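Colleague: I have a structure open and would like to go through it with you. Could we begin with the terms you use?

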Amino acid sequence: MLDGRYQSVLEAGNRAVFTSELEHFTKAMGFDNFSAMTVVDHSLGRSDFINVDNCPSGFRAAMDSPQLGQRDPVMQHCKRQSVPIVWDQQTYVRNNAAELWEAQARFGYRTGICLALHLPEGRHFVLGMERHESLPSDTVQLTRMVADLQLYAVHAMDTALRVLLPPEQQLDRPHLTPRELEALRWTMDGKTAWEVGAILSISERTAVLHLSNAMRKLDCNNKHQAVLKAMRIGLIR
């Protein structure tokens, strides 16, 4: 069921569709709420924050302040690390912020999983999912939930940067030739270089060359990474 969600979020073309995809995935994962944030750092310590979420009425007014963020152990973890954090009441108690947990628990934010992806050129993507129920006590089940969120965040990240950031803050997409794009599309469908060559009426060696050029332009180490990145940034579908 989740596999289709990965593709759907890649194809989101605007903020409203992106938000809807995040909400559908959140529910499929068994969570109530989500929060996604893109951050672009500028010089002199200034940063731009763009958020999408489905927080309940009154939550943002009660909890959205820089002072609270500086004390929130989940946000501080994500600011410094890329590994996910699984949190509950004890996370806040251990960090002398029990009253913050009490405040957000009134809105159903009692447990959750959150992670940040830190990119070059001062860009960051934070994705968290929260609920009022306890998280699974079974280690295998909880590990699977964390892994699913990590994989989804990788897919959602490029869409977030594409649909949430203003044009002047978006990085230029690499230019791939029509043949390079065709080679990636057929590779996406599981074709080998020999099969790609036969389909495009070119030699296997030429097909490999097109794929190698695409990998270089996309800064990827193999053709499968190149396909995934090309999908994320909207070059192929």
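Modeller: Buried means under 20% relative accessible area, exposed means over 50%, and partly exposed lies in between (1.4 Å probe, protein chains only). This is a predicted model, in which local features need pLDDT of at least 70 and side-chain atom pairs count only at pLDDT 80 or more, while totals for chains, interfaces and linings use all residues. Residues are numbered from 1 along each chain as its sequence is written, and side-chain values use heavy atoms, with hydrogens and water left out.

Colleague: Is aspartate 148 buried or exposed?

Modeller: Aspartate 148 counts as buried, because its relative accessibility is 10%.

Colleague: Which residue forms a salt bridge with aspartate 148?

Modeller: Arginine 144 does, and the closest N and O atoms are 3.0 Å apart. A salt bridge here is a side-chain nitrogen of Lys or Arg within 4 Å of a carboxyl oxygen of Asp or Glu. Arginine 144 is itself exposed, with a relative accessible area of 54%.

Colleague: Where do arginine 144 and aspartate 148 sit along the helix?

Modeller: They are four residues apart in helix α8 (residues 139–164), so about one helical turn separates them. Helices (H or I, at least four residues) and strands (E, at least two) are DSSP runs, numbered from the N terminus. An α-helix has 3.6 residues a turn, so residues three or four places apart point the same way.

Colleague: How many salt bridges does the structure hold?

Modeller: The structure holds seven. One of them joins the side chains of arginine 179 and glutamate 182 (3.1 Å, N to O). Those two are three residues apart in helix α9 (residues 178–188), again about one helical turn. Arginine 179 is partly exposed at 32% relative accessibility, and glutamate 182 is partly exposed at 29%.

Colleague: And what does arginine 60 meet in a salt bridge?

Modeller: Its side chain meets that of aspartate 53, at 2.8 Å from N to O. Arginine 60 is partly exposed, with a relative accessible area of 44%, and aspartate 53 is partly exposed at 23%.

Colleague: Let us turn to the sheet. In what order do the strands come?

Modeller: Five strands form an open sheet in the order β2-β1-β5-β4-β3, with antiparallel pairing. Two strands pair if DSSP finds at least two bridges between them. The edge strands, each pairing on one side only, are β2 (47–53) and β3 (85–87). From one strand to the next the twist averages 15 degrees.

Colleague: How many bridges join β3 to β4?

Modeller: Three bridges join β3 to β4 (residues 111–119). Isoleucine 85 has cysteine 114 in β4 as its bridge partner.

Colleague: Which strands does helix α2 touch?

Modeller: Helix α2 (residues 15–28) packs on the sheet and touches β1 (33–41), β2 and β5 (123–131), its direction making about 60 degrees with that of β2. Contact means heavy atoms within 4.5 Å. Axes are lines fitted to C-alpha atoms, for helices over the stretch in contact, and angles run from 0 to 180 degrees between N-to-C directions. Helix α5 (residues 73–80) lies across β3, β4 and β5, at about 25 degrees to β4.

Colleague: Where is proline 120?

Modeller: Proline 120 is in the loop between β4 and β5, and counts as exposed at 64% relative accessibility.

Colleague: Lastly, which residues are buried in helix α12?

Modeller: In α12 (residues 223–232), Ala226, Val227, Ala230, Met231 and Arg232 are buried. Just after α12, glycine 234 takes a positive phi of about 80 degrees.
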